[in-house]
Amino acid sequence: MLREAEWARDMSVPTLDKYMANGYVSFALGPIVLPALYFVGPKLPDDVVKHPEYHSLFKLVSTCGRLLNDIRSFERESKDGKLNAVTLSVTHGNGRISEEAAIEGLSHRVEMQRKELLKLVLQREGSVVPSACKDLFWKMSKVLHQFYIKDDGFSSMGMANTVKAIIHEPITLNYLGDSKLITDYN
């Protein structure tokens, strides 16, 4: 958040890549998810917490959250003079990228990140992160998608019950012949 305040103070416009490198951390999911991971089941040794797989899970969820937040809140944030991924995409597009095109591109990026997250969550061979921890990352992803499904998530009164249902619904795996796997992650 300090970096974002410095950008605002200096009236600097970072690249989208620089913004996202900072943005997934400033989304502040760490203080919510990471402590919870220590209470969901198996003990997490330091080598697991420091492992690249663990960092990848966190980064993927946080990146999805940052982008979803930016997509749903860019109009309000633009009025407040705040940077976000949509406005940066339009700004750096030099008039060639509309708000709609920026949102479409960022939404595609969210889906690619979410698929990569699911791949890591379902990976068993060679994985060092316990399944219970991976499932928590996935559930947080589902909560974020629900939270930002229509708007910024803060104005929806029915959100609490929906979030509870998302957390308690398991990932459904359907096996077809020849070991083909269909995953329902919505």
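Helices H7 and H8 pack with their axes 9 Å apart and at an angle of about 155 degrees, where axes are lines fitted to C-alpha atoms over the stretch in contact and angles run from 0 to 180 degrees between N-to-C directions. The model is predicted: local features require pLDDT of at least 70 and side-chain atom pairs pLDDT 80 or more, whereas totals for chains, interfaces and linings use all residues. Numbering starts from 1 along each chain as its sequence is written, and side-chain values use heavy atoms, without hydrogens and water.

**Overall architecture**
- The protein has 9 helices and 2 strands, defined as DSSP runs (H or I, at least four residues, for helices; E, at least two, for strands) numbered from the N terminus.
- Along the sequence, the pattern reads α-α-α-α-α-α-α-α-α-β-β.
- Of the 186 residues, 38% are buried; buried means under 20% relative accessible area, exposed over 50%, and partly exposed in between, with a 1.4 Å probe and protein chains only.
- Among contacts (heavy atoms within 4.5 Å) with a separation of 6 or more, 67% link residues 24 or more positions apart.

**The H7–H8 pair**
- H7 and H8 are roughly antiparallel to each other, a class that covers angles over 145 degrees.
- On the H7 side, the residues that meet H8 are Val110, Glu111, Arg114, Leu117, Leu118, Leu120 and Val121; their partners in H8 are Lys134, Asp135, Phe137, Trp138, Ser141, Lys142 and His145.
- By class, this contact comprises 7 nonpolar, 2 polar and 5 charged residues; Ala, Val, Leu, Ile, Met, Phe, Trp, Tyr, Cys and Pro count as nonpolar, Asp, Glu, Lys and Arg as charged, and the others, Gly among them, as polar.

**Nonpolar core**
- The largest nonpolar core contains 41 residues, and Leu29, Leu117, Phe137 and Leu144 have the most contacts inside it; such a core is a set of buried Ala, Val, Leu, Ile, Met, Phe, Trp, Tyr and Cys residues joined through side-chain atoms within 4.5 Å.
- Two or more residues each come from H2 (16-26), H3 (30-37), H5 (52-79), H6 (85-92), H7 (99-122) and H8 (131-147).
- H5 supplies the largest share of this core, 10 residues.
- Beyond its neighbours within four places in sequence, Leu29 contacts Leu34, Phe58, Val61, Ser62, Met140 and Leu144.

**Positive phi in loops**
- Met11 is exposed, at 72% relative accessible area.
- Ala28, in the loop between H2 and H3, likewise has a positive phi, of about 65 degrees. Ala28 is partly exposed, at 27% relative accessibility.

Terms used:
Parallel < 35°, antiparallel > 145°, perpendicular 65-115°, else oblique.
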